[in-house]
Amino acid sequence: MALITTNETYGSKFMNNRPLSISDEVVMDGTGTSEHTFYFHIMETGALWDGSFYVSFRQVLLFLYGYAGGGYPEESHVHPSVGNHTHPCTPSEYAAGTSGTNPSHGHGNAGLDPTVVPKHVEIWIDGTERTLDIGNPNSKTHYDTVDGWGDDGTNEWSTGRLDITDYVDPTVQDHYITIKETGGEGGRVQYCLYIT
Amino acid sequence: MALLADNETVYAKFMNNRPLCVNGIRLVGDSGSASERIYFHIMDIRTYTPADFNNYRHVYLRVRGLVFGRPGNITHGHPSVGNHTHPVLLVSIGTGFCPSGSGGGHSHPADGIATTAVPKNTEIWINGTDRTTDIGDPNTMPEWTGSDWGSDGTTEWDTGLLDITTYINNTTEEQLIELKETGSSGGRLNYEVYIV
């Protein structure tokens, strides 16, 4: 966000502030306690903006996508000579199973299947869970009204545009969003955040 | 992007909407079916007619194929399995998968790790359609194969700035670019999307 001088009108502040975009893809590890936090900052809040004006004229928008292809989760399995041990299991290694290029390694724990989709994903904003407060304003499929985004671990999902302005404290610049996968599936979540 | 009033002129819309940049780095596996998704949104797109959007806005994409993706396969002897091949994992040799010492007397050679792999035969899909050859190689860059990006799996490549405006859905805000690595090399993809 542009840093605005104090003698500008609110209108010009609104018009002159650039949109801020933050996006990334994160991999959930399938433990059911996987979470990722990203921080963002609204530079002109605080000294230059009063809360009511901010809420009236600015928007903080969030989009989430859940899809398959989780990275390289840890897998415990039996090795013919080593015995039980744990290491990251790549998708190709997983696919090899017990008969591929790694014949005596019993990869194949179903819970680590790289085809799974994040399940029961929660949205926490500045330390408070807001999943159900935000809800499903776009009437998207695969929203669980109790547990959040991703209802079955197999179908991909997207939230559509979520207006989270009301849950972002307009008096401080430092904010963070935590995405928690509680369904124990794994997979990938992509987030796109815009401050407009 | 700023949300603008419908009665603004196209020029004003153009001038008041600042460039948006979405960028990131993705590690891609060597399965030959790795597909990396990049979601982004053009918030103000509904304030344009499709023609105006195409006339006054541009969407650019630049992709680079770089080395050092997921470490590749190594072949080595195993005391009970014999010679076999498996992926070297995202841990240091000797501390992770089949570590020397606890690995039943076999160790992994340091050489042979395919950290030099570069994405090969990479396609660019936009909103579900393969646009690789439609976009082509307007900057006459090396490593363009004539049909996709990355010719040999070892030489890094750069598409240069690609104008993908005409392949954007100019009636909806949500857009999706997919980078598909079909050459089974693996490596790293660096992408930048600019909306100006």
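**Exercise 1.** What percentage of the 196 residues of chain B count as buried?

*Solution.* Start with the rule: a residue is buried if 20 or more other C-beta atoms lie within 10 Å of its own, exposed if 12 or fewer, and partly exposed in between, with C-beta atoms placed from the backbone. By that rule, 35% of the 196 residues of chain B count as buried.

A word on the model: it is predicted, so local features need pLDDT of at least 70, side-chain atom pairs count only at pLDDT 80 or more, and totals for chains, interfaces and linings use all residues. Residues are numbered from 1 along each chain as its sequence is written, while chains are lettered from A and ligands numbered from 1 in the order in which they are written.

**Exercise 2.** Find the edge strands of the open four-stranded sheet in chain B.

*Solution.* Helices (H or I, at least four residues) and strands (E, at least two) are DSSP runs, numbered from the N terminus. Chain B has three helices and 11 strands. Two strands pair if DSSP finds at least two bridges between them. The sheet's order is β2-β10-β6-β7, with antiparallel pairing. Its edges are β2 (34–41) and β7 (129–130), each pairing on one side only. Zoom in on β7(B): two bridges join it to β6 (residues 122–126), and Trp125(B) sits opposite Asp130(B).

**Exercise 3.** Is Thr140(B) buried or exposed?

*Solution.* Now count: 8 other C-beta atoms lie within 10 Å, so Thr140(B) is exposed. Its phi is positive, about 50°, although it's not a glycine.
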